[in-house]
Amino acid sequence: MVVALGTRNKGRLKIRRSTVIIVFIVCLTASATVLLLSTAWFSNTSLSVKSSRLADFGSRIPPLSAPLKGVHVGDDRQPVVPQGSLQESSTNGNDNSNNNSINKKEDDTITFPAPSDLASPNARVILTPTYGAHRPNQNAVFAFAEGYKLNTYVAFIESLRQTGYEGDIVLSVSEVDRLAPKVEQYLKSKEAVVVYTAHWDCWKKNGNRLTVDKGGMRSTTNHGHSDCQITGLYGDADQGNDMPLQDPRPARPVATARYELYWAWSTRYHPQSRILLIDVRDTIFQRNPFEDLPVPPLLPPPATSTTDASSVGGGDGGILRLYEENAFPSSAASSIGASKFNSRWVSGAYGQKALTAIKDKPVICSGSTIGDVSAIEPYLRAMLSQFDETGCKMVGCDQGLHNYLYYSGTLDRTSGIRQIVTYRQGEGAVNNLAALRNSPLRKQGVLQEGTDLVLNWDGSVSAVVHQYDRDKETERIVKRRVDAMIAELGL
């Protein structure tokens, strides 16, 4: 009996222990579930807060989860065509873009406001060139070129003119009293070079105002590392004396603010003129950047130049041409997600969800874009609207805005942009070299033996060589050429 009783008690004890363990597991599971749900709620709340900054934009930007179309090229030498949301392979032989990505326009369109509207409904551009004059019926090359020494301007302008290019070169440089030695003399001596000397008020990232003593720092914008506002860009059309309006946008890096200058300049040209937007510090030219593009019909110049942006994008719109930086698995950063900088720019502006959606896409360079004025002008509107909506002040964030606009399909829906051609790295007019920095360009066959010209992957000479200074040998080659140019000019 004692044994029997003891056995029953042990059985009860086991049952009780099992019950306790089961109850403990259930409670632990419930707690974990509550924790996960709470985390998700806070995460969604965070995303909602982030999205609220884009609330007005939300109904206009298509989702990033749209079905993808694209073509892959398996050759190790050839990069991969990006799988963009609205991309398909081009068959336009006249545009020399057979293997590149073209986005077709759809019926639903977005019209972005003119950047001047934020200053005043009646605002107009009042900033005028310090030297030179726009020729509305010409092609033009736009560059922000503030704070550089003479050799940078000579490399850019002389190499471009040596290609036979005769269109306008439009630059924004330091104020005259801060230009490096001989720069003013050189710029004033060049024909068809339009020079702006805008005044910038700048603040360091810590909030302290940037002060620049005369004869000291040549760059009033701290070479792009400070947040700045521009003075005297807009005036009120209702005021007979065009009283300058305050910069309506918060201080931001000039890498972002330059798009507002570009927009103002674009309104000075005929809708079918071609514009190249390009970085100046690390660019040289080997051929005319526009020579391979289809020739548009000859057009008479407008009776007067205009600052009314609504009159720029006439007809069915124009073509916008974008240029990738990387597409090779062996590239220094083979995708947006593989680059810590590009990842930060996208996620900083749009959040982690947006980055996840496009992280496997090739980087499209914001420092090299070509388009008809009728397409460039609305593209610039879109870029500035993105800053207004996201408020992204990171240096370089303009590239995050640029890539999101394209991969979200927003540019494809932008009024005035009839077609988008996206060129793979090493194809088209602009050859972006930064992502090839893992090994010397000569070893990769990019530098032509005997001439030291930079080549596209098909062996043709690259028209625009961008980011040449990432390769030490190419940088030395350019320096020798520029030194010879300066000597020949007697500067």
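The following legends describe close-up views of a predicted model.

**View 1. An open three-stranded sheet, S7-S8-S10, with antiparallel pairing.**
The strand order in this open sheet is S7-S8-S10. Its edge strands are S7, spanning residues 199–203, and S10, spanning residues 252–253; each of these pairs on one side only. Strand S8 (residues 227–231) pairs with S7 in the antiparallel sense, over five bridges. Within this part of the sheet, Asp-201 stands opposite Gln-229, a residue of S8. Strands of a sheet pair through backbone hydrogen bonds, in either a parallel or an antiparallel arrangement.

**View 2. The disulfide between Cys-202 and Cys-228.**
The S to S distance in this disulfide is 2.1 Å. The link of Cys-202 and Cys-228 is right-handed, with 110° about the S-S bond.

**View 3. The disulfide between Cys-392 and Cys-397.**
The sulfur atoms of Cys-392 and Cys-397 lie 2.0 Å apart. The torsion about their S-S bond is about 110°, so this disulfide is right-handed. Cys-392 counts as buried at 5% relative accessibility, and Cys-397 is buried with a relative accessible area of 0%. The residue range of helix H9 is 397–407. The count of disulfides comes to two. When the bonded cysteines of the protein chain are numbered in sequence order, the pairing reads 1-2, 3-4.

**View 4. Thr-410 in the loop between helix H9 and strand S15.**
The loop that holds Thr-410 is situated between helix H9 (397–407) and strand S15 (417–423). Thr-410 has a relative accessibility of 1% and therefore counts as buried. The side chain of Thr-410 makes a polar contact with the side chain of Ser-408, at 2.6 Å.

**View 5. The buried residue Cys-365.**
The relative accessible area of Cys-365 is 2%, so this cysteine is buried.

Methods:
Residues numbered from 1 in each chain as written. Predicted model: local features only at pLDDT ≥ 70, side-chain atom pairs only at ≥ 80, totals over all residues. Heavy atoms only, no water. Helix = DSSP H or I, 4+ residues; strand = E, 2+ residues; numbered from the N terminus. Buried < 20%, exposed > 50% of the residue type's maximum accessible area, 1.4 Å probe, protein only. Polar contact = N/O pair within 3.5 Å; in protein donor to acceptor, adjacent residues only side chain to side chain. Pairing = 2+ DSSP bridges. Disulfide = S-S within 2.5 Å.
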